Amino acid sequence: MQETLNYINENKQRFVDELFELLRIPSISADPAYKDDVLKCADVVAEYLTKAGADNVEVCQTKGYPIVFGEKFLDSNLPTVLVYGHYDVQPADPLELWTKPPFEPYIEKTELHPEGAIFARGSADDKGQFFMHLKAFEAMMKTNSLPCNVKFILEGEEEVGSVSLGDFVNENKEKLSCDCILISDTHIYSNEQPTVTTGLRGLSYVEVEIEGPNRDLHSGLYGGAVPNPIHVLSRMIAGLIDEDGQITIDGFYDSVEDVSENDRAIMNKLEDNPEEFKKSIGLEGLEGEEGYTTLERTSIRPTLDCNGIWGGYTGEGAKTVIPSKASAKISMRLVPYQTPEEITEKFTKHFINIAPDNVRVKVTPHHGGMPYVLPTDTKEFLAAKQAMEATFDKEVLPFRGGGSIPITAMFEQVLGAKSVLMGFGLDSDAIHSPNEHYGLFNFYKGIESIPLFFENYSK
């Protein structure tokens, strides 16, 4: 692998320059106004994949945006790794909060990134991270050191729910057949404490509506005599979590994974600094489920949060009304072995039951996803751990992430392969926010670690 690492060192600046070309394309999948840019980005990705040495490169059409596929098949006796990433990005709004235009990438040093960070929408999520794989693959091809078969599947709809990916995977099982899936769309705990993500939470997302009177009412004529849907909804939401931080939905915890004391001890080897955590988000105090650390609350425990609430008059000035309706959006993060179907059903039943008789309740499920766990005794985890320990020269620990990547469970169900979540970003990279950035240190560490993963996994 030394020749491969030498090639990477000699071409670092070119790799960044080429990434900048991708970052200049505003491939915003959520906004139809950027359709041509998303399609252009798919073509550019396919060109880079071809130049890196992949065969059978295709821009595969779907009902939505295309999926870029490519492969290098060496020998049927060798294992096959499927690399997943996405080339679409989040909208850049609010534009006024960006220091510089979001699609004009630049490098600037920061406290966390003394070597410099790449600032641009998509730099960390996920163009910078999937591009590491293309450059690592290029390095292995140029130095004739690719130790196994590799396939690439790079989609353009991740930021809008991967709406076409499931059908594509189900329709192309043979084409995508593999032994494991390698994904870099997550982060490490810190540059001083590298980690491999071994778990993600699932999701149940619902919208609720409380309807009271048949029209908005004058609060002077009717106030004090009729139910106010905003008051009712607020009380109902407040009652979903008790004073100990426990969710009060009947049966909510029935299927929750019982994480062993040993696994909890390993997890808490990560430096959990509550003061630094509070400072980073501008808070004086924290709260959560009793009996668990902050790390555990944000990873191995399920949660419920109100993400938005509205009703009545919210415009300029005053309008004294009792609204006819009030609504809210609620998300529940799930852990093994909860399912979104089970939790959505239990939430709906509970929410209807706790509503007073003088209002009507409507619960609308939106989307969901399954939780995911990669056991730490698998060859996939060990290959990633050893690769990163070689490049970071530090012990690499397992890390349970609090977010959701529903495709991991789908991949395992359809392709029968485990996903390795070997991301290299930091949680401070401001993904989905103004001034998104990705450290050069992290970008290069990824390119250096990926060939070692391939080597370790093949062995």
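UniProt lists residues 199-357 as "domain: Peptidase M20 dimerisation", in an unreviewed entry; UniProt positions follow the numbering used here, feature names are shortened, and annotations may be inferred rather than shown by experiment. The model is predicted, so local features need pLDDT of at least 70 and side-chain atom pairs count only at pLDDT 80 or more, while totals for chains, interfaces and linings use all residues. Residues are numbered from 1 along each chain as its sequence is written, and side-chain values use heavy atoms, with hydrogens and water left out.

**The annotated stretch**
- Residues 199-357 are 30% helix and 22% strand, where helices (H or I, at least four residues) and strands (E, at least two) are DSSP runs numbered from the N terminus.
- The end C-alpha atoms of this stretch are 41 Å apart.

**Two domains**
- Domain 1 covers 1-200 + 371-458 and domain 2 covers 202-256 + 302-366, with bounds from an automatic or database domain assignment.
- Their contact (heavy atoms within 4.5 Å) takes six residues from domain 1 and seven residues from domain 2.
- The C-alpha centres of the two domains lie 38 Å apart.

**Salt bridges**
- Between domain 1 and domain 2 there are zero salt bridges (a side-chain nitrogen of Lys or Arg within 4 Å of a carboxyl oxygen of Asp or Glu).
- The structure as a whole holds 21 salt bridges.
- Lys346 and Asp254 form a salt bridge through their side chains, at 3.5 Å from N to O.
- This pair links distant parts of the chain, 92 residues apart: Lys346 sits in helix H11 (residues 340-354), and Asp254 in the loop between helix H7 (229-238) and helix H8 (261-267).
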